[in-house]
Amino acid sequence: MADSSQPASDPSDGASRRDFLVYAASGLGAIGTAAAVWPFIHSMNPAADTLALASTEIDISKVEVGQAITVTWRGKPVFVRHRTPEEIKAAQDVNVSELRDPQTDAQRVQKPEWLIMVGVCTHLGCIPLGQKSGDPKGEFGGWFCPCHGSQYDTSGRIRKGPAPLNLLVPQYTFLTDTSVRIG
Amino acid sequence: MSEQTKFDNKIVQWVDDRLPIFSMLKHSAVDYPTPKNLNYWWNFGSLAGLMLTVMVLTGIFLAMNYAANAGIAFTSVERIMRDVNYGWLLRYLHANGASFFFITVYIHIFRGLYYGSYKAPRELLWWLGLLIYLSMMATAFMGYVLPWGQMSFWGATVITNLFSAIPVVGDYIVTWLWGGFSVDNPTLNRFFALHYLLPFVIFALVGLHVMALHTVKSNNPLGIDVKGPQDTIPFHPYYTVKDLFGVGVFLIVYLGVVFYAPNFFGEPDNYIPANPMVTPPHIVPEWYFLPFYAILRSIPNKLAGVICMFSAIIILFFLPWIDSSKVRSAKFRPYFKQVFWLFLADCFLLGYVGAHPPEGNLVLMGQIGTAVYFGFFPLIWIIGKIEKPRPLPQSIAQPVLKQSEKI
Amino acid sequence: MRKLILSTLAAISMAAAVPAVAEEGPELEHQNWPWLGVFGKYDQAQLKRGFQIYHDVCSNCHSLKLVAYRNLAEIGFTEDEIKAFAAEKTVKDGPNDAGEMFDRPARPSDHFVPPFANDQAARAANNGALPPDQSLLVKARKGGPDYIYALLMGYTDAPEGVTVPDGMAYNKVFPGHNIGMPAPLADDVVTYADGTKATQEQEAKDITAFLNWTSEPELDTRHSMGLKVLGFLAVLTALFYALKRKVWSDVEH
C-alpha cells in the first residue's frame, strides 16, 4: 500500500530517515554483538576456583635457621630458605656489576633471613637442587641445576651456567612473623 | 550461467576472481528473488539457523570446561555454573537453546505442512529438513545425558534398552551401544564425542537444505508459483530487515526465559547426581520428545511400540506422495485445513500424554492420539482425491493489485 | 481469529505438559520470596541468618559439597569470619614428604567439609536414611523453595489410624508422608546474631532462602543482567521494526 501519510515531498527526506534508522540499528546492533561476545571471551579467563588458589598462605614457624622448605604455588615449587648469617653476608658482599642479571640482595628479600623464590631454573625450567641438606649446592652455596649446570648463589642469583636470569622472586607478604602469603 | 558480477571494492574483486564467495553470497542472499507475500511464519527458518549457531558457540565454550567422565561430569557442570566466569549463562543459553531450537523447527515444519511446502518440486528440500530434524533429535538425546543427572542416566537407559526389541541381534546391539553391560562411563564418553560431531553434520545438511531451496525457490502463503519479477523482491534488503526484526522479537522471548525462568523446561530430578541403584518415580524425556514417547508407550508390545515410534517420523518422508492434491496452500483447501488443525491438536495431546505416567484415562487417550496421528495420512490421501479447492488467484501480485484498485 | 484461539489453546496445553511430573500430594502454598520476579533479589541479612541455621542445625547431618567457604563472601561475611568458619573443620591432605596423609584445618578455598566421611557412614548414623546434600536441593525438588518451606512447616501428628514406622516422622508434604528426618526446627532453636526473633516460621523462611542461594548463587547477577539485556533488546527490536516498515513502504504487500 502506498504510504499516504507522507506528504508529496522530496524522496531525500524518506531516504535520510531510512539512513538514520540504518545507522541507529547498525550501531546498536554492533554494541549488542560486542556485549554478547564478552561473556564468551571472559569465560576463558581463570575461573573462581582457580583464582582462589592463586595465593597460598604458608606457616614458616617450624623452619629452623639453615633449613629450607618447598611449597606449591600456582602449580610450581617455591623455595623458602631460612638463611644463616653467613649466607646473608655472602649474598650482600657480592659485586653486583659482575652479575649477569644485576640485582642487590636487598632487592630480592623483604627480611634478610627469609629468601623466597620460585624454584624453576630460568634456563629451561628444571627444578634446581639445594633445598635438602644432602643436595649439591654449587660453588656459590645456593642452588645447582642438574639439567644443564646453572649455579645460583645464596640470594638465588645466576652466577655460572646457561640460565639468563636470577630465580624469580614472587609477590609475597608477611602476614605475621610466622605466616607468609605468596601471590 | 551466472553473469560475471563486478564489485567496486578492489580487494573484494581480487578474492572473488579466485574464489567466487562474494558472487555466491550476492546471488543467494542479496539478489535471490523472494515472493513478496511471505508472512512471518517464514521467519522461522532463519531463526532455526540462528539457534544452530548459538548452540554450537555455547557448546564449544562449555566443552572447554566440561569433563566427560562419569565420576566427575556432574561436578564439572556445577563448576561451570558456579566458578567459570559467565558459566551459568553459557549453560542456561545451551540448555534452553535446545528447547528454543526445537520450537523454531517445529513451527518451521508445521508452516511447511500448512502451505504445502513439501510438494513438488520441493520433495528433496523436505527430505533434507527431516534429516536435519532426525540429527537434531539424536544430538539432543545425547546432550541430555552429559550432565549425568538422574534423568540423564535413566532416560539413556530406557531409550537405549529399546533397541533390545530388535529380533535376534537386539541384545548385541544394546551392548555395543553401551560399550558395556549398562549405561556407564564408556557410554558417556562416546555420547560426548558424537554430541560434539553431529551439529557439524547438521550444518552440512543445512547447507544442502538452503541449496535445494535456492534451486526450486521459496514457496509462499498462496502456494502458487511465481509468474515473473512482479511477484518477487530481492532478499536484501526486504527479507534481511524482516528477519532481523524477527530475531529481535525471538531473542526477547528466548533470553527472557534464560534470565528469568531458566529451569522452566527442565526436570528437577536432573539436579540429582545419577544413581544406578535408584530409579526416579517418573522417567520423562525432554518436552520435544514427549509425543513420540506417548506413541511408544501406547502400544503394549515392545517391538511394535518401537516400530510405531520411528514410523511416526519415517512416514513424513512419504508425505509429498501421500498428499495427492495439486493445490499447495491450506488457504484454498477447506478440508485439509481442518485436518491440519486436528493434527496439530493431536500432537499437543500426545505431548500431554507423554508427560504423565500411563495411568487411568491417559492410556486410552494415548492410544486414540496415536491412532489419530497415523490416521491423518490416509485421510490426507483421501482428501487429496475428493476435495474441491477454493479458486486460486491468478498470480501473487494480483490479489494485492486488486485491493489497491478498490481504494 | 479461530487460528489464534486454537494455537493459544494448543500452547497452553503444551505449557501444562511441560512441568512433566504428575502432581502428587497437597497443593503447595506459594510464598512471596524476595528473589522472585523481574526485580527480585536476595535479602543478604536473611541469607546470613539462613547460613547460621545451616551451620548450627543442618550441617550436623547434611553436606554442602558444591559450595566453597569463600562463597560466603557473596552473602556478606568478611574474610576473617570465613577463615574462622573454615578452620572449624579439618580436611585430609597429603601425602607429605614422609608419604603420610595428614589433617589440616580447612581453608576458604576448600569446599564445605561434609559431616560424614561417605554415604555409608551417613546412613549408619541416621537409621539407614541418607540425608541428601543440600547444595542443589531447591532446584532438585518440584516446587522448589515452596516445597522446602512447606516441608519444614509440615510436621504434624499422624492422622487417625495411620501408624508411623519407628525412627520416622509424619510430614504432610513429604511424598509418602513418612520422613526419616525428625522435625529440625522449632521456636528459638537458634539465637540469631542480628537479633531477629527466631520463630519456627522465620527459621524455615531463612534456611529456605539460604538453600535457594546455594542452588542459585548467580541469581542477583542473572536478574540484573536480564533487565539490561531485555531493555536493550526492546529498543533494538523497535528500531528494527521501524526500519522494516520503512524499507517495505514501497512494496505492495
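## Terms and basis

Axes are lines fitted to C-alpha atoms, for helices over the stretch in contact, and angles run from 0 to 180 degrees between N-to-C directions. Helices (H or I, at least four residues) and strands (E, at least two) are DSSP runs, numbered from the N terminus.

The model is predicted: local features need pLDDT of at least 70 and side-chain atom pairs count only at pLDDT 80 or more, while totals for chains, interfaces and linings use all residues. Residues are numbered from 1 along each chain as its sequence is written, chains are lettered from A and ligands numbered from 1 in the order in which they are written, and side-chain values use heavy atoms, with hydrogens and water left out.

## Helices 12 and 15 of chain B

In chain B, helix 12 (residues 302-317) and helix 15 (residues 361-386) have axes that come within 11 Å and cross at roughly 30°. Helix 12 of chain B is therefore roughly parallel to helix 15 of chain B (angles under 35 degrees count as roughly parallel, over 145 as roughly antiparallel, 65 to 115 as roughly perpendicular and the rest as oblique). Their crossing is left-handed, meaning that the near helix is turned anticlockwise from the far one by less than a right angle; clockwise would be right-handed.

Helix 12 of chain B makes the contact (heavy atoms within 4.5 Å) through B:Cys308, B:Ser311, B:Ala312, B:Ile315 and B:Leu316, and helix 15 of chain B through B:Tyr373, B:Phe374 and B:Phe377. Seven of these residues are nonpolar, one is polar and none is charged. Ala, Val, Leu, Ile, Met, Phe, Trp, Tyr, Cys and Pro count as nonpolar, Asp, Glu, Lys and Arg as charged, and the others, Gly among them, as polar.

## Helices 3 and 5 of chain B

The axes of helix 3 (residues 44-63) of chain B and helix 5 of chain B come within 9 Å, crossing at roughly 155°. These two helices of chain B are therefore roughly antiparallel, and their crossing is left-handed.

Residues in this contact include B:Phe44, B:Met51 and B:Phe61 of helix 3 and B:Leu90, B:Phe100 and B:His108 of helix 5. By class, the contact has 15 nonpolar, seven polar and one charged residues.

## The second largest cavity

On a 1 Å grid over the protein atoms alone, a cavity is a set of points where a 1.4 Å probe fits but cannot get out; lining residues have an atom within 4 Å of a point. Grid points are joined across faces, edges and corners, and a volume is the space filled by probe spheres set on the points. The whole structure has two cavities of 30 Å³ or more.

The second largest cavity has a volume of about 40 Å³. Its lining consists of B:Phe74, B:Val77, B:Glu78, B:Arg91, B:Pro147, B:Asn270 and B:Tyr271. Helix 4 (residues 73-82) of chain B gives the most, with three residues. The lining has four nonpolar, one polar and two charged residues.

## Backbone exceptions

Most residues other than glycine have a negative phi, and most peptide bonds are trans. The bond from B:His236 to B:Pro237 is cis, with omega near 5°, and B:Pro237 lies in helix 10 (residues 235-260) of chain B. Another cis peptide bond joins C:Gly94 and C:Pro95, with omega about 5°; C:Pro95 is in the loop between strand 1 (90-93) and strand 2 of chain C.

B:Tyr86 has a positive phi, near 60°. B:Tyr86 is in the loop between helix 4 and helix 5 (87-115) of chain B.

Notes: On a 1 Å grid over the protein atoms alone, a cavity is a set of points where a 1.4 Å probe fits but cannot get out, and a pocket is an open set with protein on both sides within 12 Å along at least five of seven lines; lining residues have an atom within 4 Å of a point.
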